[in-house]
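Colleague: Please take a close look at one part of this model for me. I would like the helix packing first, then its setting.

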Amino acid sequence: MTFFTIVVRGLMRRPVRTGLTLLGISIGIAAVVALVGLSRGLDRSWAKGMKARGTDVVVSNMGSALTPKPFNASVSDRIAHLSRVAATCSSLIDLTSVETAQMMIVSGRQWNGFTWQNLKLVSGRMPHDPDEPAVVLGQVTADTLKKKVGDRIQIETSDLSVVGIINGGAWVENSSVILSLPLLQKITGNQGKINIIDIRVTPGTNQKDVEGLCEQINRLVPEARAMPGSANVSNSEVYRILQAMSWGTSLLATLVGVLGVMNTMLMAVSERKQEISILLALGWRRRRIISMVLWESGLLGLFGGVTGVMIGAVGVQILGTTPAIRDLLRPDVSMGLLAISVTIAVAVGVLSGLYPAWRSSRLPPALALQG
Amino acid sequence: MKPAPFYLTITTASEYLFEAKDLRKEFDHGQIQALRGVDFHVRQGEFVAIIGPSGCGKTTLLQMLGAIDRPSSGTLYYRGNSISDLADPAAYRAREIGFIFQAFHLLPTFTALENVQIPMFETSQSAVERKQRAIDLLKTVGLAKRLGHLPAMLSGGERQRVAIARSLANNPAVLLADEPTGNLDSENARCVLELIVRLQRERNMTLLLVTHDPAVARRASRAIRMKDGRIVSDRESDLEGAEV
């Protein structure tokens, strides 16, 4: 028998209570994994999309809405002549329901702009001209909407034809409906308006120069905000709200976990008062009692954490297939997130055990001789 | 004289193993006086019975001897060291003292073999050594075939024998027994008492046994009679070695 045997035996004493506590921690940790995985997925998907498009700087006005606020298309002309700007491409992005999909990215792109260049045709063709009532679909969108080349698609009140299926090299691109900017402006009644300008910088421009260019644009264009492509979504208010909600909910779940483990450990210690006093009377040091209680609560955290990340990892994949999410992002559940979640769970366990451990170590050994 | 272990800070040579001077214990801010000035001494290897009616202070005295409670005033010495001032009372309890309780106080979710190993966690023995010593001790108390039994699967007499084996786990110099036969029928009480006395003699341990049963006290070499927190008599037993 080892000290570990004693610790495990303590947990197995009340298997139902231990099981319910584990379940409580598991749900909390699963929530951490799922929510953080989703928000990181959004960030990661967007950054990958930017990279695939070859966008170095994005000019947009990411307010509190899900899509950036539209601004005048002439802004693009004011930016295009700046040094270090190799090319610009204006877009109008909308998040809207398209037929059976509740929320889908509809991307109207400047005709012949560089953001068309990364789109590789899987089947069909690109639109012939900016006025052709036609769209190309990302592969994921085509699967979601069950569309193939030659089918019709309804956006807002317009009936368009699907002329091509593309692979854009990133989840965001493959989850979009892509058409020409003038066509989308007309469909949505946003003539002369855009809400995103993708900028490609001249070769040899370093990160510091990119930041300098952003500052220059921000001075020049007060109605929008420029930032490096990879940072665009993480600087948006929606993303920040999403992040805050994720971590806030996770914090709440963690707090519930702490209280759950603390309650369990306090009950366990309370039930075992005499046993602990016997151990003290038999010569166990107080620090060994503290260690025993902390190991018990730490193990609760560990097992709860491992179960929680498994539930969370599976749950987030299931969540990723729901209609509201599957077309927007791919959840990012990395090994790092799983490791952090388990670490949080163990820390929750140990932290929750501190007070019960301290209380148990203060028990008088004389209690052993009573009763 | 052997050097004092680390937890005994003073290496004073003493004639007595235990020596109590004007020992007092009060509870509830002096409303209850469990010990009212107790003086006595115990030599190495003695078997001392502490006898008296319920509430006379026997168990309180045993708690002081085992360093699981402190006197309100007065001093209790062990080998010349004040027990209240021991640097590490837990080490003293683990290595010098073996406790036998009236209600056995075995841990219910641990087998007999595991219960006996519990006190050994405060020594440097390996898991293998702990297990082997526990087996040997359980054989000594006649429970070689009950190693894997939980306390609930053992009779009262067997449980107390497991508790006796546990008290010997760290080869203590002193056994403190609090009514060790109090929860047993007469036959089991006789067997358990015989076992304790035999082990005390074989191992030359000092035994202090609290009882309210004069028959049990007659097995001791000396009987200290208490009443209302005081020692009312302290004399060599007339019937030492007699059968109960």
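**Helix packing in chain A**

Modeller: Helix 10 of chain A and helix 12 of chain A make a right-handed crossing. A crossing is right-handed if the near helix is turned clockwise from the far one, and left-handed if it is turned anticlockwise by less than a right angle. Helices here are DSSP runs of H or I with at least four residues, strands are runs of E with at least two, and both are numbered from the N terminus. This is a predicted model: local features need pLDDT of at least 70, side-chain atom pairs count only at pLDDT 80 or more, and totals for chains, interfaces and linings use all residues. Residues are numbered from 1 along each chain as its sequence is written, while chains are lettered from A and ligands numbered from 1 in the order in which they are written.

Now the geometry. Helix 10 of chain A spans residues 286–320, and helix 12 of chain A spans residues 335–361. Their axes come within 7 Å and cross at roughly 150°. Helix 10 of chain A is therefore roughly antiparallel to helix 12 of chain A, a label for angles over 145 degrees. Axes are lines fitted to C-alpha atoms over the stretch in contact, with angles from 0 to 180 degrees between N-to-C directions. The residues of this contact divide into 17 nonpolar, 13 polar and two charged. Nonpolar covers Ala, Val, Leu, Ile, Met, Phe, Trp, Tyr, Cys and Pro; charged covers Asp, Glu, Lys and Arg; the others, Gly among them, are polar.

Helix 10 of chain A has another partner, helix 2 of chain A (residues 15–53). These two axes come within 6 Å and cross at roughly 45°. That makes helix 2 of chain A oblique to helix 10 of chain A. Oblique is what remains after under 35 degrees (roughly parallel), over 145 (roughly antiparallel) and 65 to 115 (roughly perpendicular). This crossing is right-handed. Its contact residues divide into 15 nonpolar, 11 polar and no charged.

Next, the setting. Chain A comes to 12 helices and 12 strands. Its C-alpha atoms fill a box of roughly 95 × 45 × 30 Å along the principal axes. Of its 371 residues, 48% count as buried, with 20 or more other C-beta atoms, placed from the backbone, within 10 Å of their own.

Finally, the partner chain. 24 residues of chain B are in contact with 19 residues of chain A, contact meaning C-beta atoms, placed from the backbone, within 7 Å.

Key
Buried ≥ 20, exposed ≤ 12 C-beta atoms within 10 Å, placed from the backbone. Contact = placed C-beta atoms within 7 Å.
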